[in-house]
Amino acid sequence: MIKKIGVVGAGQMGNGIAHVCALAGFNVALIDIKQDQLDAALTVMGHNLDRQVARQKISEREKAETLARVQPSMSLEALADCDLVIEAAVEDEQVKRKIFQQICPVLRKDALVATNTSSISVTRLAASTDRPERFMGMHFMNPVPMMQLVELIRGIATEESTFREIRELVVKLGKTPANAEDFPAFIVNRILLPMINEAIYTLYEGVGSVESIDTAMRLGANHPMGPLQLADFIGLDTCLSVMQVLYEGLADSKYRPCPLLVKYVEAGWLGRKTNRGFYDYRGPAPVPTR
């Protein structure tokens with residue numbers, strides 16, 4: 001039975017996962033290699049909980065109890081008594097593999113391990129652990145406290161009991177699980193990222209401006225935000241990583257990352273997190289950069 005959950009990586013996804021786990025009543029060990037990242041994660045968590053209080057989704061007491069359940073740490077030893085550890089690091093296979101090699105010797109032999117990867121082979125990542133049968137993918141959507149879906153991906157070695165236990169956890173978190181096969185980018189990003197990439201090609205080829213492309217998709221397809229605005233929100237480096245996984249994994253030219261996306265990433269214009277992407281966020285209102 002899962003009682004304590006470890007989350008490795010205190011960035012945007014990690015702090016969101018820690019938030020929903022703690023709010024659902026689980027004790028959480030939140031791990032990161034940087035103290036300032038842990039501090040920032042707790043601040044973001046507090047702000048997000050304040051929004052839930054303001055919307056009368058939770059009480060002030062529930063907010064305080066949720067924050068008290070989160071134990072930030074820079075030491076992997078804090079994972080030693082966890083029943084499940086969820087890796088939520090950057091979307092880079094080598095980084096993730098290194099994390100699993102470091103944490104597995106610390107964990108109990110019966111502990112479950114999951115990855116929040118949005119595109120990388122779960123089978124390959126599982127092979128870098130000492131427990132592939134107790135390993136699977138849990139792809140939370142961003143922002144985690146608001147988004148309902150969690151994609152569940154079994155590797156070739158994942159045992160049925162592992163899948164059942166993690167699926168039950170997802171339901172306890174108040175989320176809706178969707179099963180996906182272990183193919184590049186799974187379901188959501190297999191569909192979403194090529195759409196974003198095509199929007200970038202549309203910009204690259206001069207078919208429309210940033211503003212016209214986003215307006216067209218918001219008003220013409222009833223999307224809540226335009227694809228270029230969404231790319232900035234996701235992070236252009238993450239978009240590029242997913243497209244590279246699709247392109248290399250499926251060997252189909254339709255998944256080739258747009259050269260303009262590559263150029264923006266090379267420039268360090270990664271979207272909201274760097275204050276510049278397809279929009280410039282440094283002023284009072286976002287301004288298109290093309």
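Trainee: In which helix does Asp 214 lie?

Mentor: First, some ground rules: this is a predicted model, where local features need pLDDT of at least 70 and side-chain atom pairs count only at pLDDT 80 or more, while totals for chains, interfaces and linings use all residues. Residues are numbered from 1 along each chain as its sequence is written, and side-chain values use heavy atoms, leaving out hydrogens and water.

Now, Asp 214 lies in helix H8, residues 210-220 (helices are DSSP runs of H or I, at least four residues, numbered from the N terminus). Asp 214 counts as buried because its relative accessibility is 0% (buried means under 20% relative accessible area, with a 1.4 Å probe and protein chains only). Setting aside neighbours within four places in sequence, Asp 214 is in contact with Gly 226, Pro 227, Leu 228, Gln 229 and Tyr 279 (contact means heavy atoms within 4.5 Å).

Some of those partners bring us to helix H9, residues 227-234: the axes of H8 and H9 come within 7 Å and cross at roughly 100 degrees (axes are lines fitted to C-alpha atoms, for helices over the stretch in contact, and angles run from 0 to 180 degrees between N-to-C directions). That angle makes H8 roughly perpendicular to H9 (the term covers 65 to 115 degrees). On the H8 side, the contact is made by Val 210, Ile 213, Asp 214, Met 217 and Arg 218, and H9 brings Pro 227, Leu 228 and Gln 229.

Technical notes: Helix = DSSP H or I, 4+ residues; strand = E, 2+ residues; numbered from the N terminus. Buried < 20%, exposed > 50% of the residue type's maximum accessible area, 1.4 Å probe, protein only. Parallel < 35°, antiparallel > 145°, perpendicular 65-115°, else oblique.
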